[in-house]
Amino acid sequence: TAEAEINAAVEATKLALHLRLMLSEITGDPLRDILIGEDNQAAVSQATKGIRYVRNAKHYECRLRWLQEVAESGHVRFTYVASHDQAADPMTKPLDEVNFTRFRHMMVS
């Protein structure tokens, strides 16, 4: 699952960097750092701590190295967010009424 999370983090990072640049050009405001919340601790470790061991997967390794370089540059920070606090979870899981209400409140706030 960490491999899938890294691939998703790469796509999210590419989009966030593009949107940040576009917004700074439109508004004239300086570029701000990006915070990406991740609910997989292995993925956060691989992206931020420079873990160099990966399976023999050439394309995955290239994507991971790029993500590590972006994280080292300081433009993007990754942080662990527990699954029960991950605002995207309602889009991927069935929820009972209590959790549905909690996540709905999270999205609106």
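Which residue forms a salt bridge with Lys14, and how far apart are the closest N and O atoms? Lys14 forms this salt bridge with Glu11, and the closest N and O atoms are 3.2 Å apart. Good morning, colleagues. Please keep in mind throughout that what we are discussing is a predicted model.

Let me first describe the chain in general terms. The chain contains four helices and two strands. Read from the N terminus, the order of these elements is α-β-α-α-β-α. Along the principal axes, the C-alpha atoms fill a box of roughly 45 × 40 × 20 Å. The chain has 109 residues, of which 28% count as buried.

I now return to the opening pair. Lys14 and Glu11 both belong to helix α1, where they lie three residues apart, or about one turn of the helix. Are these two residues buried or partly exposed? Lys14 counts as partly exposed because its relative accessibility is 40%. Glu11 is partly exposed as well, with a relative accessible area of 39%.

Glu11 also takes part in another salt bridge, with Arg63, and here the closest N and O atoms are 2.9 Å apart. Why does this pair tie together parts of the chain that are 52 residues apart in sequence? The reason is that Arg63 lies in helix α3, residues 58-73, whereas Glu11 lies in helix α1. Arg63, at 25% relative accessibility, counts as partly exposed. Taken together, Glu11, Lys14 and Arg63 are linked in a network of salt bridges.

The structure holds three salt bridges, and one of them remains to be described. Arg65 forms a salt bridge with Glu61, with 3.3 Å between the closest N and O atoms. Both residues are in helix α3, four residues apart, and so about one helical turn separates them. Glu61 has a relative accessible area of 31%, which makes this residue partly exposed.

Let us go back to helix α1 for a feature of another kind. Leu15 has its place in this helix, which covers residues 2-27.

Next, I turn to the strands. Strand β1 covers residues 34-38. Which residues form its covered face, and which its uncovered one? The covered face consists of Ile34, Ile36 and Glu38, while Leu35 and Gly37 make up the uncovered face. Strand β1 runs parallel to strand β2, residues 76-80, and five bridges join the two. As an example, Ile34 has Val76 as its bridge partner in β2.

Finally, I would like to consider helix α2, residues 41-48. Its buried residues are Ala43, Val44, Gln46 and Ala47. Viewed down the axis of α2, these buried residues fall within an arc of 165 degrees, and therefore they line one face of the helix. What caps the N-terminal end of α2? The cap is Asn40, which has a side-chain oxygen 3.0 Å from the backbone nitrogen of Ala42.

One is the salt-bridge network of Glu11, Lys14 and Arg63. The other is the parallel pair of strands, β1 and β2. Thank you for your attention.

Note on methods. Residues numbered from 1 in each chain as written. Predicted model: local features only at pLDDT ≥ 70, side-chain atom pairs only at ≥ 80, totals over all residues. Heavy atoms only, no water. Buried < 20%, exposed > 50% of the residue type's maximum accessible area, 1.4 Å probe, protein only. Pairing = 2+ DSSP bridges. Salt bridge = Lys/Arg side-chain N within 4 Å of Asp/Glu carboxyl O. Arc of directions from axis to C-beta. Polar contact = N/O pair within 3.5 Å; in protein donor to acceptor, adjacent residues only side chain to side chain.
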